[in-house]
Amino acid sequence: MPTRKPQRRREFGTVRKLPSGRWQARYLGPDGQRHKAPETFATKTDAQDWLNLVRADIERDHWRDPDAGAINFEKYALRWVEERGLAPTTVDRYDGLLRLHLLPAFGGKDLDEITPPSVRTWRAERLKATGATTVAKSYRLLKAILQTAVDDDLLRTNPCRIKGAGREEADERPTATVEQVFDLADAMGPRWRLMVLLGAFASLRPEELAELRRRSVDLDECSLRITHASPELTNGRRVTGDPKSRAGKRTVYLPDFLLPELRRHVQWFAEKEPDGLLFVGEKGAPFRRSTFGRKWRKARTKVGLPDNFRFYDLRHTGNTLAADTGAKLKDLMVRAGQSSERAQLIYQHSTARHQRKLAQGIDAEVRERLGEAPPGVRRSAREA
């Protein structure tokens, strides 16, 4: 009885020799579609080896449609922003980063055409053209979009692999002295004077100030109730909603010296309706960044503050003063409407004056423990 020959395992895929003399590899994928290798091979063996690797990926359930990443980056990125359910201010910021920094470089590419070298080249060119902080924000956005593409099985790996590229290391912001804050308030004129003082000594954000109303004011308690914010988008539209974070809804108690300022402003400049806005322009229109900005730049120059000093930087003065009172970190966070310790620490500055006060405090503590009254008279630690 003749012996049956062992049946050969069916070959996976096919290879064929092209007129150029090179070899092409093709196979039927798990999706039922025919796919070919992205490149041709010098020998038949090389083509068959490539097919063997593809078969191994399929058997290990590691196979990915090689054409899945053939999706335009711009379309995918815009849909990514739309589907996230982001706050209007975040959408506005992302749209600006895409339009100015990402789409000019990657808008015409498919997802799978964005490679680690192309990301490195883009970042290097951006760093020459704009600030490091903006580049870090743009890189983080690019990385987040492409990571979603990985999660969607459109890319095998994320091409954004530059260590530390998304970390912001901005220079410490300038801080105004108490005297400079009052000089700024004077230079801004009576209508906007209180806004400057509240930005500093109440640590209020511009978008919170824009939405303050008569009902927000408690003159008996000398306090303000922050419940809403109205950030202004780059197109000039205001979007009223909750404050920046959950901690933004708060009551801010004001120092007593602000009470006369608050009374005067409510009487002279606030809208007369019970729910009227606290800050409106000369013609009664709601606060606008463009109009206020022109006055702010003139006042800043008059006071002698640097050109990069923003209204938002007034919070640095207020938060540092509050920290100097010895308040607990949690109290400082509540006052400034911050939900993270890191955010609060950004606004606290250590100046020579603060360091001197620390040294004086240590001196007093040591003297008390040693029982030492006059300077220069010491007791040994053993005697203490």
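**Close-up 1. Buried residues of helix H3 in the predicted model.** In helix H3, the residues Thr90, Asp92, Tyr94, Gly96, Leu97, Leu98, His101, Leu102, Leu103 and Phe106 are buried, where buried means under 20% relative accessible area, exposed over 50% and partly exposed in between, with a 1.4 Å probe and protein chains only. These buried residues pack against helix H2 (73-83), helix H4 (116-129) and helix H5 (132-151); helices are DSSP runs of H or I with at least four residues, numbered from the N terminus. Helix H3, which covers residues 88-106, also has a kink of about 45 degrees centred on Leu98, the bend at a residue being the angle between axes fitted to the seven residues ending there and the seven starting there.

This is a predicted model, in which local features need pLDDT of at least 70 and side-chain atom pairs count only at pLDDT 80 or more, while totals for chains, interfaces and linings use all residues. Residues are numbered from 1 along each chain as its sequence is written, and side-chain values use heavy atoms, with hydrogens and water left out.

Close-up 2. Val178 belongs to helix H6 (residues 178-188) and is partly exposed, with a relative accessible area of 31%. Apart from its neighbours within four places in sequence, Val178 is in contact with Phe201 and Leu321, contact meaning heavy atoms within 4.5 Å. Thr317 is 139 residues from Val178 in sequence, yet their C-alpha atoms are 7.5 Å apart in space.

Close-up 3. Glu207 lies in helix H8 (residues 206-210), and, leaving aside neighbours within four places in sequence, is in contact with Ala229, Ser230, Pro231 and Tyr312.

Conventions. Helix = DSSP H or I, 4+ residues; strand = E, 2+ residues; numbered from the N terminus.
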